[in-house]
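Let's take a walk through a protein model together.

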Amino acid sequence: MRRVVLFVLSYGLWLLLTLPGGDWPVYVVGAVLALLVAIFFGAEFTHRPLSFLNPRRWFWGIIYIPVFFWHMLVANLDVAFRVLHPACPVKPGIVKVKTALKTDVAKAFLANSITLTPGTMTVDVDEDVLYVHWIDVFGDGEDIEANTKVIVAKFEKYLMRIFE
């Protein structure tokens with residue numbers, strides 16, 4: 001079942017990326033590539049493949065996209081302000097944050113969302129702790145709760161509804 005769901009998702013992504021499409025070889029190449037992905041990576045795919053069919057998860061996934069882009073836009077403006085400011089107000093450092101997410105996929109999405117947001121980059125994930133390089137660390141950076149609230153909370157509540 002995992003391989004079938006992975007094939008459908010891979011081929012659907014191929015179709016979205018190649019729209020409006022074109023000649024029939026485009027569809028055949030996409031089907032062959034999706035089949036190869038399903039064969040080689042199907043065993044590594046999620047343990048609950050039918051959970052991808054839950055419309056509630058799709059709804060929150062669609063909601064997450066503009067939320068993520070909003071936070072990315074705000075972070076871009078923040079970094080631009082810091083770079084263009086004559087005093088260059090940055091205080092970089094690595095901080096520790098905690099997540100309540102349980103699945104590896106959810107943690108991977110959280111880490112990637114943090115990394116794709118300018119000014120932050122996930123350095124390591126260890127169980128429920130993420131180490132994040134941050135452009136402007138509060139205080140000495142030791143307050144895990146405050147760091148988590150600023151960096152993780154804005155993404156975590158949506159990812160929890162999507163993946164768990």
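Which residues do ring pairs link into a cluster? They are Phe59, Trp60, Tyr64, Phe68, Phe69, Phe155 and Tyr158. Rings of Phe, Tyr and Trp (for Trp, its six-membered ring) count as a pair if their centres lie within 6.5 Å; planes under 30 degrees apart are called stacked, over 60 edge-to-face, and the rest tilted.

Before we go further, some ground rules. This is a predicted model, where local features need pLDDT of at least 70 and side-chain atom pairs count only at pLDDT 80 or more, while totals for chains, interfaces and linings use all residues. Residues are numbered from 1 along each chain as its sequence is written, and side-chain values use heavy atoms, with hydrogens and water left out.

Back to the rings. Searching the whole structure turns up 10 aromatic pairs. One of them joins tyrosine 64 and phenylalanine 155: the pair is edge-to-face, with 6.2 Å centre to centre and 70° between the planes. Tyrosine 64 sits in helix 3 (residues 55-84) and phenylalanine 155 in helix 6 (residues 153-163), so this pair ties together parts that are 91 residues apart in sequence. Helices here are DSSP runs of H or I with at least four residues, strands are runs of E with at least two, and both are numbered from the N terminus.

Phenylalanine 155 also pairs with phenylalanine 68, this time tilted, at 6.1 Å centre to centre and 50° between the planes. Again distant parts of the chain are linked, as phenylalanine 68 is in helix 3 and phenylalanine 155 in helix 6, 87 residues apart.

For phenylalanine 155 the relative accessibility is 1%. Buried means under 20% relative accessible area, exposed means over 50%, and partly exposed is in between (1.4 Å probe, protein chains only). Phenylalanine 59, in helix 3, is partly exposed at 47%.

Now turn to helix 2 (residues 24-41). Its 18 residues reach 26 Å from first C-alpha to last, close to the 26 Å expected at 1.5 Å a residue; the expected span is 1.5 Å times one less than the number of residues. The buried residues of helix 2 are Gly30, Ala34 and Ala38. Why do they line one face of the helix? Seen down the axis of helix 2, they fall within an arc of 70°, so they line one face; the arc is that of the directions from the helix axis to the C-beta atoms. They pack against helix 1 (2-18), with contact meaning heavy atoms within 4.5 Å.

Last stop: threonine 120, in strand 2 (residues 120-126). It counts as buried, at 14% relative accessibility. Its side chain reaches the backbone oxygen of isoleucine 114 at 2.6 Å and that of threonine 117 at 3.0 Å. Leaving out residues up to four places away in sequence, threonine 120 touches Ile114, Thr115, Val132, His133 and Trp134.

Key. Polar contact = N/O pair within 3.5 Å; in protein donor to acceptor, adjacent residues only side chain to side chain.
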